[in-house]
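Trainee: I'd like to learn how to read a structure like this one. Can we go through it together?

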Amino acid sequence: MAGGRDERQPGAGPWYGIKWIVGGLGLLVVGFPLLAGGFGDVEAGRRKAEVCAPCHGADGNSTTPEVPSLAGQPPLYTYYQLLLFQQQQRVSAQMAPVVASLSRQDMQDLAAYYAVQTPAVPPPPRDPAKAEVGRRLVKAHYCDSCHAPGLVGQKHIPRLAGQHYAYLVTQLRAYKTQQRTDLDGTMTIVAQPLSNEEIEALAEYLASLPAGAGLPRPHTAR
Amino acid sequence: MGQKHGMSLHCAGRRLTVVALLPALLLVLGAMAPLQAQQPPWAQGRPPELATSPLAPHPQPPAPTPAKDLPIDKIKLPPGFKIEVWADMIPNARSMTLGSRGTLFVGSRGAGNVYAVVDRGDRREVKIIASGLQQPNGVAFKDGTLYVAEISRILKYEGIEERLDNPPEPVVVYDLLPKDRPHGWKYLAFGPDGKLYFNIGAPCNICLPPDTHAVIARINPDGSGFEYVARGVRNSVGFDFHPETGELYFTNHGRDWLGDDVPNDTLHHAPRPGFHFGYPYCHQGDVLDPEFGRGRSCTEFAPPLLKLGPHVAPNGMKFYTGRMFPPEYRHRIFIAQRGSWNRTQKIGYRVMQVELKLGEPPRYEVFAEGWLQGEEFWGRPAYVYVMPDGALLVSDDYNGAIYRITYAP
């Protein structure tokens with residue numbers, strides 16, 4: 001495609017060059033206060049997160065396989081999920097009573113707090129062959145187009161790297177069976193053709209993936 | 001397969017070969033797996049060297065923003081104009097049309113709802129009159145009937161204004177439209193000829209679409225008489241007809257992943273059916289597509305009336321036909337721009353105005369801005385609508401709100 005570029009196109013040159021990439025990364029760093037700094041109050045979030053700690057861990061690294069880790073999640077993801085729980089668009093008997101009385105500021109503070117927590121180092125895959133199948137599935141389904149290179153998440157899209165195996169399997173099955181709200185339909189389309197074995201392979205791979213892989217995370221670059 | 005296996009039984013050596021090759025065969029099949037899945041539509045056409053680009057469409061919040069949390073004081077307008085939040089808590093509010101009894105009907109995309117906003121004087125009451133629809137972006141009203149455009153169907157709700165609390169079941173007007181989701185949502189409007197006009201967008205960022213796509217088309221309100229009005233239109237989700245000439249003007253979203261400044265989104269004029277506006281061969285009237293433009297020339301196609309800026313995302317447009325604004329505003333075009341995602345520095349997030357004068361280039365100026373502050377945006381103007389009193393309504397799908405702009409010198 002680049003070979004067919006028309007020289008008469010003004011402005012096409014820099015796009016393909018390093019300038020653009022540097023600019024893009026710069027924007028990521030500069031633009032981030034929207035999502036962490038200006039988005040919510042980390043310190044307020046720390047206090048408000050005390051009620052979440054028994055299940056999600058004090059630093060957002062859950063030790064219960066069915067409960068997701070929130071450390072290092074993009075703040076917009078955590079915020080939107082809390083909104084969805086409150087609006088009962090995402091249904092969870094555990095979450096419903098906890099989020100009922102949260103204000104939007106509370107949710108943003110919590111999201112900002114978890115976003116700057118460091119994700120725990122994940123265990124190596126229990127079944128490396130299965131994880132390898134999962135790695136290929138990630139490639140085949142272009143998961144990194146939305147979940148970002150390294151599957152570290154971006155904007156409203158969650159970090160998958162280092163997430164708990166059991167939680168990932170549950171969520172992928174929920175998308176497959178349309179039990180989990182899907183804002184734009186993308187995940188339902190991806191998950192529907194997956195077999196149970198493929199779901200397990202994906203989870204095996206993602207759960208073992210270092211949380212800091214891929215692009216520098218916005219909040220660590222800050 | 002069975003037969004081949006049977007053949008191999010005749011020769012032990014060959015069977016061994018087959019068994020030995022099996023893992024290799026599986027590997028090859030495994031390598032072919034990527035062919036079965038597709039990139040998300042917005043990433044289509046992205047050059048491989050930009051695979052790690054952080055640019056991606058902005059997510060739609062899952063819940064609307066209450067009016068008290070909207071920093072409306074940040075909006076700048078020409079002197080004498082004022083803006084207020086007219087209605088809020090309308091998830092994903094998009095295109096608007098007014099019923100003959102004064103109900104404002106509002107479509108949405110992902111929310112799947114159609115709303116009725118009833119003006120109670122000091123407040124606006126919002127009712128959901130339809131839900132679970134496939135991206136019902138387009139709404140149009142005529143003779144007591146509300147028409148709604150989903151991705152592949154056009155529906156009508158007869159006598160809707162008498163039954164807002166108990167809406168009738170929709171009647172299907174037309175259901176033969178493509179089911180593609182990328183650029184599948186539609187704008188819908190009645191032309192001065194009494195026909196229903198709508199877009200069928202390109203099912204991709206950049207591709208050679210089938211003849212059925214990248215068009216504006218029209219049908220009679222009873223679903224008969226389908227015909228194409230304009231071709232080579234990547235995705236127009238806003239158009240209007242000149243108040244005097246009745247001719248079609250429309251906005252168009254240009255392709256992504258060609259650069260920060262190329263191509264421009266555009267405003268077009270289609271004085272009669274039959275024009276081709278260039279997609280996917282030529283963009284903005286003077287830029288050949290690097291892939292599809294080979295061997296073509298931009299002179300083959302109808303040029304745009306105006307370049308609106310790269311990636312600004314022009315959605316709704318309306319000629320100003322009211323009498324509230326100063327006389328020079330009469331017949332100016334207002335264009336709502338939802339704002340860029342495929343650009344390193346954000347642009348758009350505003351309402352622009354265009355003045356057309358015979359024999360002169362169009363004048364193009366900012367009318368309302370402030371939804372973008374630096375590189376942060378807090379709202380996205382999606383559609384405009386001129387009310388009978390001359391006030392201009394602006395919907396913001398990001399916040400699920402409708403603003404009202406008035407003039408009082």
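Trainee: How many residues does helix α7 of chain A have, and how far does it reach from its first C-alpha to its last?

Mentor: Some ground rules: this is a predicted model, where local features need pLDDT of at least 70 and side-chain atom pairs count only at pLDDT 80 or more, while totals for chains, interfaces and linings use all residues. Residues are numbered from 1 along each chain as its sequence is written, chains are lettered from A and ligands numbered from 1 in the order written, and side-chain values use heavy atoms, without hydrogens and water. Helices are DSSP runs (H or I, at least four residues), numbered from the N terminus. Helix α7(A), residues 104-115, has 12 residues and reaches 16 Å, close to the 16 Å expected at 1.5 Å a residue (the expected span is 1.5 Å times one less than the number of residues).

Trainee: Where does α7(A) sit, enclosed or open?

Mentor: Buried means under 20% relative accessible area, exposed over 50%, partly exposed in between (1.4 Å probe, protein chains only). In α7(A), 10 of the 12 residues are buried, so this helix is largely enclosed by the rest of the structure. Among them are M107(A), L110(A) and Y113(A).

Trainee: What describes a pair of aromatic rings?

Mentor: The distance of the centres and the angle of the planes. Phe, Tyr and Trp rings (for Trp, the six-membered one) pair if their centres lie within 6.5 Å; planes under 30 degrees apart are stacked, over 60 edge-to-face, the rest tilted. The whole structure has 33 aromatic pairs over all chains. F226(B) and Y228(B) are edge-to-face, 5.1 Å centre to centre with 90° between the planes. F226(B) is partly exposed at 27%.

Key
Helices (H or I, at least four residues) and strands (E, at least two) are DSSP runs, numbered from the N terminus.
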